[in-house]
Amino acid sequence: MSGGMQPEVEPPRSSTKGHPSMHREAGALLVDLGTPEELQTWSLGRPGKSSKQYLRQVIAEYEALDRELPCIRKFPTPPAAQPLCLCMETSPEEDLTHLEVLEALEAELPGAMESGRVSSIRFENMNVICGTAGRRDRWLITVTDFQTRSRLLRSGLRLRGLAHPLLRHDELLLGDYRLHLRRSMVRRRMLEALGAEPTEED
């Protein structure tokens, strides 16, 4: 989304046990393919597939997760890092426009687009993406340097008299991806317990 950007000058974080590490350089994978600790423990010491108690347990676990998180964003591959992308979450009822978001940016950074400090403003309807209702919309604002990013993270935006914080889009995507991994693992365990071959979700 942010072509030609300079990589962020930050030392890479070392992975900690049980948690995928996040990369900050542009174009890198956002998440390592390491398995979170909570996912690893699911495969340790489980009863045999023939156990009716185990079968009931994994089906109940899957149904509980489906009720708790009925529509989770799916990822065919780990998301790529976008270190210069910021996100503002809003309720669908606010029904903001691109012009309103641009004007809020201009109030914080006069000439934001003309000067090239902001390269794009994009709207994501999370209810459409996840096939659900009640999720907050996301406005993705891509900047071209880390100084601008830091300034906007501190200031946030003000729209219709209300303050809206800006977050790092990478952090939100990482949270979405962890939920995807969690649900995929529970689904795989259920299919294995039923003796079915695990398949990709629709």
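This is a predicted model: local features need pLDDT of at least 70, side-chain atom pairs count only at pLDDT 80 or more; totals for chains, interfaces and linings use all residues.

Reader: Okay, so which residue forms a salt bridge with Glu 100?

Author: That's Arg 160, and the closest N and O atoms of the pair are 2.9 Å apart. Arg 160 sits in the loop between β4 and β5, while Glu 100 is in helix α3, so the pair ties together parts that are 60 residues apart in sequence. Glu 100 is partly exposed, with a relative accessible area of 22%.

Reader: How many salt bridges are there by this rule?

Author: The count comes to five. Another one joins Arg 138 to Glu 89, with 3.4 Å between the closest N and O atoms. Here strand β3 holds Arg 138 and strand β1 holds Glu 89, so this pair ties together parts 49 residues apart in sequence.

Reader: Are those two buried or partly exposed?

Author: One of each. Arg 138 is buried, at a relative accessible area of 3%, whereas Glu 89 counts as partly exposed at 22%. They also belong to a network of salt bridges that links Glu 89, Arg 135, Arg 138 and Asp 176.

Reader: And what does Glu 124 pair with?

Author: Glu 124 forms a salt bridge with Arg 122, where the closest N and O atoms are 3.5 Å apart. Glu 124 counts as buried, with 7% relative accessibility, and Arg 122 is partly exposed at 33%.

Reader: Switching topic: how many residues are in the largest nonpolar core?

Author: It has 19 residues. Those with the most contacts inside the core are Met 88, Val 101, Ile 141, Leu 152 and Leu 157.

Reader: Which helices and strands supply at least two residues of this core?

Author: The strands are β1 (85–90), β2 (118–124), β3 (137–143) and β4 (157–159), and the helices are α3 (98–108) and α5 (146–155).

Reader: Let's pick Val 101. What is it in contact with, leaving aside neighbours within four places in sequence?

Author: Val 101 is in contact with Met 88, Ile 121, Trp 139, Ile 141, Leu 157 and Leu 159.

Reader: You mentioned α5. Which of its residues are buried?

Author: Phe 146, Thr 148, Arg 149 and Leu 152. Viewed down the axis of α5, these buried residues fall within an arc of 155°, so they line one face of the helix. They pack against β1, α3, β3, β4 and β6 (167–168).

Reader: What's exposed on the other side of α5?

Author: Gln 147 and Arg 154 are exposed there.

Reader: What do we find at the start of α5, and what follows the helix?

Author: At the start, a side-chain oxygen of Asp 145 comes within 3.1 Å of the backbone nitrogen of Gln 147. After the helix comes Gly 156, which has a positive phi, near 65°.

Reader: Tell me about Thr 148. Why does it count as buried?

Author: Its relative accessibility is 4%, and buried means under 20%. Apart from neighbours within four places in sequence, Thr 148 is in contact with Leu 109, Arg 117 and Val 143.

Reader: And where does Thr 144 lie?

Author: Thr 144 is in the loop between β3 and α5. At 32% relative accessibility, Thr 144 counts as partly exposed. Not counting residues up to four places away in sequence, Thr 144 touches Leu 84, Gly 116, Arg 117 and Ser 119. A polar atom of the Thr 144 side chain lies 2.7 Å from the backbone oxygen of Gly 116.

Methods: Residues are numbered from 1 along each chain as its sequence is written. Side-chain values use heavy atoms; hydrogens and water are left out. A nonpolar core is a set of buried Ala, Val, Leu, Ile, Met, Phe, Trp, Tyr and Cys residues joined through side-chain atoms within 4.5 Å. Buried means under 20% relative accessible area, exposed over 50%, partly exposed in between (1.4 Å probe, protein chains only). Helices (H or I, at least four residues) and strands (E, at least two) are DSSP runs, numbered from the N terminus. Contact means heavy atoms within 4.5 Å. A polar contact is a pair of N or O atoms within 3.5 Å; within protein, one must be able to donate a hydrogen and the other to accept it, and residues adjacent in sequence count only if both atoms are side-chain atoms. A salt bridge is a side-chain nitrogen of Lys or Arg within 4 Å of a carboxyl oxygen of Asp or Glu. The arc is that of the directions from the helix axis to the C-beta atoms.
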